[in-house]
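Let's take a walk through a protein model together, one piece at a time. Have the viewer ready and follow along as you read.

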Amino acid sequence: MSVEAHEIIPIPQPPKDDVTIGGTARRTLSSPWASAVVIVITVLWTIPTFGLLVTSLRPSGPATNSGWWTVFTDPELTLQNYAEVLGGGEIVSGGILPYFFNSFAIAIPAAIFPLVIATMCAYALAWIPFKGATVLFFMIFALQIVPLQMALLPLLQLFNLGWSIGPVPIIPDLNLGGTYIPLWVAHTMFALPLAVFLLHNFMAQLPRDLMEAAVVDGASHFMIFRKIVLPLSVPAIASFAIFQFLWVWNDLLVALTFAGGTPDVAPITAYLANIVGSYGAKTHLITAGAFIAIVVPLIVFFALQRFFVRGLLAGSVKG
Amino acid sequence: MIWDNIIAGLPKIGIALAAVAAFLGILLILFFVLGRIRGKFANPLAGIMFLGPAILLLIIGLVVPTIQTISKSFYNASGQKFIGLANYGWIFTTENNQKVLINTALWIIVAPIFSTGVGLLLALLLDKMKRESIPKSLIFMPMAISFVGASIIWGLVYAYRDPSQEQVGLLSQVVLWLGMEPPNWLLLQPWNNFLLMVIMIWIQTGFAMVVLSAAIKAIPHDVIEAATLDGARGWRLFSRVTVPMVRTTLIVVFTTILIATLKIFDIVRVMTNGNFGTQIVANEMYSQAFVQFDVGRGSALAVILFLGVIPIVSYNIVQLRKERAVR
Amino acid sequence: MSSPNRRRGVALIVGASAAALLLAACGGSDTSGDSSSAAPDNSSASSSESSSSGDAPAAGCEEYADYGTFDGASVTIFTSILPPEQGLFEESWAQFESCTGIDIVYEGSDQFEAQLPTRIAGGNAPDIAFIPQPGLLAKLVETGGPIAAPASVGSLVDEYWNPAWKAYGTVDGTFYAAPLGSNMKSFVWYSPKVFAEKGYTVPTTWDELWSLSDQMVADGVKPWCGGIESGGATGWPATDWLEQIMLRMYGGDVYDQWVNHTIPFDSPEVTAAMDVLAGWMKNPDYVNGGFGNVQTIATTGFQQAGEPILKGECGMLQQASFYANFWKEFNPDATVAEDGDAYAFYLPAMNADVPNPVVGGGEFVTAFSDRPEVAAAQTFLASPTFATNKVKLGTWVSANSGVPLDAYTPGSIDQLSAQYLTDPQGTFRFDASDLMPAAVGAGCEWTEMTAWFAEDKPTADVLKAIDACWPAE
């Protein structure tokens, strides 16, 4: 029933007309009030992060012993904390940079792999007619409920010991410890349910005529997927890519389990957690490290937020 | 030193990009080869190729571990002795655990409602507002911050010092400025639970706002026009037209945040470690399984979480099915 | 595995670094039959000088020559010890690495206790872990993973450590792990400068300690400060306080019964000890100097707890020897010395029947792999050569009696700690919470003691709840 009756829902376009809900709401609430509420909430939401930024720019004494707001009466700022965290000093040996690169090396493939696999899966569920497609889709959706923590140990055993049923090895011991591969695979697995769900919702809405025309022309599914579906799905794919990149970049639990804390593979969050553990009193260094860790996701987010909204929306909006 | 580190780091990026290239390359070749096959095997083959990798990974990564966890929840700490429902008995009869269950229930009610509610309010207010992108970006920003980072940020808000000392926590200072004496925030039961939820709401509101804002913009304007002509204004318009029109989006947003809330353990782990009456199921599960090595109890707690989400996911599935049936 | 090179090597290192002791002690031992044991024996020790002439060691490598060489081999070490201590460890074995060709890969994690069992179960065990809890070691042995220590390590431990230490590294009669560093936990930190200013004298008896406290109260200063917040391990400093009192009140036997659960956790003995602790760290007149009321103990990081002492806002802090490293964090110019900004005195004995009670802690070098280079590293870490190297770098104590006391900086806390830890008359016991099962020592005891401070949970309820956590078997 699902695959047959698709209604075409276009990627939402803002109506050109002024008569919108928000417009009316604004009139009702009267514009200055609405603006005031928005400004108050925005300020409230931003202050904590601003406090982090200010603290990270203060010398160690004031950063540790006074509130960051005293910067307005004691405006002494320094980049020394960043120099120390980045370059490595007496206290922070080696610096944060090796971990910074690890975060990239983990997050880029761990965003792309699940994306490609989920796109293929979503396409099949939406456009390759087979019995049980709906049931399968709901089962995949339902897998969102599995708590990550449940899957950590079995996966770790798989990566390090292989898998066998009785004496018959199904997957050999691949000895993957100390590489990025377990992290890529684990993140890919954990990302699939949500990715398939979002992408399927998007793809199910693609114009049926287009697909049918292609089939009539004798195109294979592989052809349709590459030539029609992929290009049309770029917004949804991009939005999920950002979502997944942010998630992987910010992850600590999977990283701790599969990568440990060595500078060879551990990401920046693991490093940050460690310096919090060992320099509880070094507020100025912790805040600088935290800010460096935040910068990349912020850049990614600000640069690509247009896509983020458009793609996530697909499927969840009922026209 | 910094440059040395940067140069030393570049090969890591190279490895990552090479892996991506290899992965895509293999797929392309497979596509090319399988795409040539015609006849009655074409469709099944395509199905296997498209579905296979995802299903394989899901079975290995999620389905099998789930089954293992469920079975382990009936065993003792070391997983060697079958003890029936004893672990579940422990969860429901220990006084501390009852508190844990109540806290978890509070979390999954309060955090999604406030995140979605404030997000909806902002989405309404921001619609058509000039320069909406600035507040939108700033409110969304916490979404891009890791829980480790968030806990450092909020540590600077909730820090407590004796009122006679110079304050380092913003909240305490604000209360002092107002002429009152600040409490030790994280000890303040039961309100400390809500102070921790604020962090979750801070992170998730931006997500709700952005998605709902787009949904509101996507409401066809003739619907609004018709409603306005019928005399619908303000609250009536909001409750009779807007909310029903974005209902599906609301449900998806609410569910997504709710599932995230159920699984979250980082905030509690870092801010209080579950002390001071703030423990929740996900963190207790981590402590039992990974700190106290009681895999049985840890698994039973995981199963509780799992069961807790089932009704919500089922509701979503029912909604989705209805919607599809309509189409 | 059976590298003759290494066997000869281990024998020599012992011979070279402590020849006199070795000759005196190992006279009769002859256990060279087992190729994996590499036990020191006289014949190989004396012959090794000549046999090593074939591949003469590089300059500076004489001491290490007989561990053999392992080109390209690496040994991974997993530990909870984080920077800045990490750098000192790496420095202390740098020469061992360059002489033997073994690359030691150090990894520290603040989630060590959770990660180690996960990795072992996941088949991803490190070669060596520094385990700070004998209780955890016993648990791991039960589920499998740790490998019995080679005989070369065993004989070094027999030689240089108090037998109590070997017992803590032994599970069911098999010796697994040699001690590494040691913490002396029975210290009270104070500021000699402030004491001199106010005319306070360092107390040497239990009663003097409390009259000093009262004198500080009269002078308008809170005598004690404390902090038990420690992320995932919040509560552990409070368990240390209870252990100090238990050992001081009742001595080693009752302490051992308490650890083994021969007496329950809510027995009258423990209740009485908790009452003493309540009159000390839960006494609103005494705490929490520089931070506020009693409750703040629960939210103050143990790392920050000593800061008010430098400012004169708090008189004393009960903390272990490792706290010496923290004073410079508060003030880069702070000196740790008998006449400096911070120093420690021995927490006095309470009971004349329990002489010089000392609660201590330490790490145990546990191997999870039996490759020869791992055994070589393990043997090296148990040797007086390593311990002396590490001690000379400062801020570290070893209970290895092969380390001469003058290797420590004179007058340093480390030297003072070593003095107490190696005191033959002392009543030494290991940190109890590290010996108890993890469900208690790393679970309920932490959370319940935290609730005792934070929520003023009644003592009887706290002890009952902890006792209920004791695993059934």
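How many bridges join strand S7 (residues 187-190) of chain C to S10(C)? There are four, and the two strands run antiparallel. In one of these pairings, C:Tyr190 has C:Tyr343 in S10(C) as its bridge partner. Two quick notes on terms: helices (H or I, at least four residues) and strands (E, at least two) are DSSP runs, numbered from the N terminus, and two strands pair if DSSP finds at least two bridges between them.

Before going on, a word about what you're looking at. This is a predicted model, in which local features need pLDDT of at least 70 and side-chain atom pairs count only at pLDDT 80 or more, while totals for chains, interfaces and linings use all residues. Residues are numbered from 1 along each chain as its sequence is written, and chains are lettered from A and ligands numbered from 1 in the order in which they are written.

Back to those strands. They belong to an open sheet of four strands in chain C, with the order S8-S9-S7-S10 and mixed pairing. At the edges sit strand S8 (222-224) and strand S10 (343-346), each pairing on one side only.

Follow chain C past S10 and you come to the loop between S10 and strand S11 (357-367), where C:Asn356 lies. Its phi is near 40°, a positive value in a residue other than glycine. C:Asn356 is partly exposed, with 15 other C-beta atoms within 10 Å. (A residue is buried if 20 or more other C-beta atoms lie within 10 Å of its own, exposed if 12 or fewer, and partly exposed in between; C-beta atoms are placed from the backbone.) C:Thr395, in the loop between helix H19 (384-392) and helix H20 (413-421) of chain C, also has a positive phi, near 45°. C:Thr395 is partly exposed too, with 19 other C-beta atoms within 10 Å.

Now hop over to chain B, which has 14 helices and zero strands. Its radius of gyration, taken over C-alpha atoms, is 25 Å, well over the 20 Å that the globule rule (2.2 Å times the number of residues to the power 0.38) gives for 327 residues, so chain B is more spread out than a compact globule. Along its principal axes, the C-alpha trace spans about 80 × 70 × 55 Å. Of the 327 residues of chain B, 50% count as buried.

Zoom in on helix H5 (residues 133-140) of chain B: B:Pro135, B:Lys136, B:Ile139 and B:Phe140 are buried there. They cover an arc of only 125° around the axis (taken from the directions from the helix axis to the C-beta atoms), which puts them on the same side of H5(B). An α-helix has 3.6 residues a turn, so residues three or four places apart point the same way.

Further along chain B, look for B:Pro190 in the loop between helix H7 (170-177) and helix H8 (191-217). A cis peptide bond joins B:Gln189 to B:Pro190, with omega about -10°.

Finally, see where chain B meets chain A. Here 103 residues of chain B are in contact (C-beta atoms, placed from the backbone, within 7 Å) with 109 residues of chain A. Helix H2 (residues 42-72) of chain B gives the most to chain B's side, with 18 residues. As for chain A itself, its secondary structure comes to 14 helices and two strands, and 54% of its 319 residues count as buried.

Notes: Contact = placed C-beta atoms within 7 Å.
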